[in-house]
Amino acid sequence: MGKVYVFDHPLIQHKLTMIRDKNTGTKEFRELVDEIASLMAFEITRDLPLEDVTVETPVATAKGKMISGKKLGLVPILRAGLGMVDGILKLIPAAKVGHIGLYRDPETLKPVEYYFKLPSDIEERELIVLDPMLATGGSAAAAISGLKKRGAVNIKLMCIIAAPEGVDFIKREHPDVDIYIAGLDEKLNDHCYIVPGLGDAGDRLFGTK
Ligand code: PRP
Ligand code: URA
C-alpha cells in the first residue's frame, strides 16, 4: 500500500499558510509555490542513492559522496503543476520534464485529457507527478494511469494541499504510489473544492481570475 507523507517542516508550514491567504497576490503566490516545491523536493529526495567518490581540493584528496545516477522525471499536471517545476529543477537540474494536460470538467468534475508529452525513457525513470491540489483525486489518478499505460513503473505524487477524499481515491486506484503533501485538509465542499484549501490554484498562479 502506498504511503502518505505530510511534511511538517516549519518553513513549509509557514509558506503554506501564506498561500492559503486570499490577500496573497499572484506574484507572491507564484514565488511561494516555487519555494514550497523546493523544500518538498529536499524532503522527497532523502532516499536518493549515493556513491563514494574522491575529489581534489586545493589542499588534498577528499572522500565524498555523490548521487549515483538515479534518473528522475518531473511530470506537472497543467496548468497548476507548472508552478512547482522550477523550484525542483533548482535542486535537481538534470531531471527531465514531461507534461500532462488535464482539466476538470466543471459539470461532471471528471478529468479531461488534452496533452501528453513525456521523456522517451519513462520506464527507466522515477517520476514525480506534480499538482498543487489533490481534491477528488480524479486528475492525479488519470495522470498516473496515463503514465502507467505508457510504460512508467516508478511513480510518486507530490501535492501541496490534499483532501482526504483525494488521498483515499489515489490509495485505492494506485496503491503502489506514495503521496507527499504539505497540508492535509478537512474535506471537499459541494463544488469539490478543498476546504479550507486555497481556492483555484491555476487561477491564483496565473492571475486568470
Ligand atoms: C485543478 C488542480 C488539479 C485538479 C484537482 O486543476 O490543479 O489538477 O483541479 O482536482 P481533482 O483532484 O478533483 O481532479 P483544474 O482542473 O482547475 O485545471 P487548471 O490547472 O488548468 O486550472
Ligand atoms: N482545484 C483547485 O485548484 N482547487 C481546489 O480546491 C480543487 C480543485
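**Close-up 1. Polar contacts of ligand 1.** A polar side-chain atom of Thr136 comes to 2.5 Å from an oxygen atom of ligand 1. Such a polar contact is a pair of N or O atoms within 3.5 Å; within protein, one must be able to donate a hydrogen and the other to accept it, and residues adjacent in sequence count only if both atoms are side-chain atoms. Arg104 also takes part, with an N or O atom of its side chain 2.7 Å from an oxygen atom of ligand 1. Gly137 uses its backbone instead: a polar atom there is 2.8 Å from a ligand 1 oxygen. Taken alone, ligand 1 exposes 500 Å², and the protein buries 89% of that (Shrake-Rupley method, 1.4 Å probe).

Please keep in mind that this is a predicted model, where local features need pLDDT of at least 70 and side-chain atom pairs count only at pLDDT 80 or more, while totals for chains, interfaces and linings use all residues. Residues are numbered from 1 along each chain as its sequence is written, chains are lettered from A and ligands numbered from 1 in the order in which they are written, and side-chain values use heavy atoms, with hydrogens and water left out.

**Close-up 2. The shell around ligand 1.** Here 13 residues surround the ligand, the closest being Arg79, Arg104, Asp131, Thr136 and Ser139 (a heavy atom within 4 Å). By type, this shell divides into six nonpolar, four polar and three charged residues. β6 (99-104), β9 (133-134) and α4 (138-149) each supply at least two of the shell residues; helices (H or I, at least four residues) and strands (E, at least two) are DSSP runs, numbered from the N terminus.

**Close-up 3. Ligand 2 and its backbone partners.** The residues around ligand 2 include Arg104, Met133, Cys192 and Tyr193. Its shell holds six nonpolar, one polar and two charged residues. An oxygen atom of ligand 2 lies 2.8 Å from a backbone N or O atom of Ile194, and a nitrogen atom of ligand 2 is 2.8 Å from a backbone N or O atom of Gly199.

**Close-up 4. An aromatic pair.** The structure holds three aromatic pairs (ring centres within 6.5 Å; planes under 30 degrees apart count as stacked, over 60 as edge-to-face and the rest as tilted). Phe7 and Tyr180 form a tilted one, 5.9 Å centre to centre with 35° between the planes. Phe7 lies in the loop between β1 (4-6) and α1 (10-20) and Tyr180 in strand β12 (residues 178-181), so the pair ties together parts that are 173 residues apart in sequence.

Terms used
Nonpolar A, V, L, I, M, F, W, Y, C, P; charged D, E, K, R; others polar. Phe/Tyr/Trp six-rings, centres within 6.5 Å; stacked < 30°, edge-to-face > 60°.
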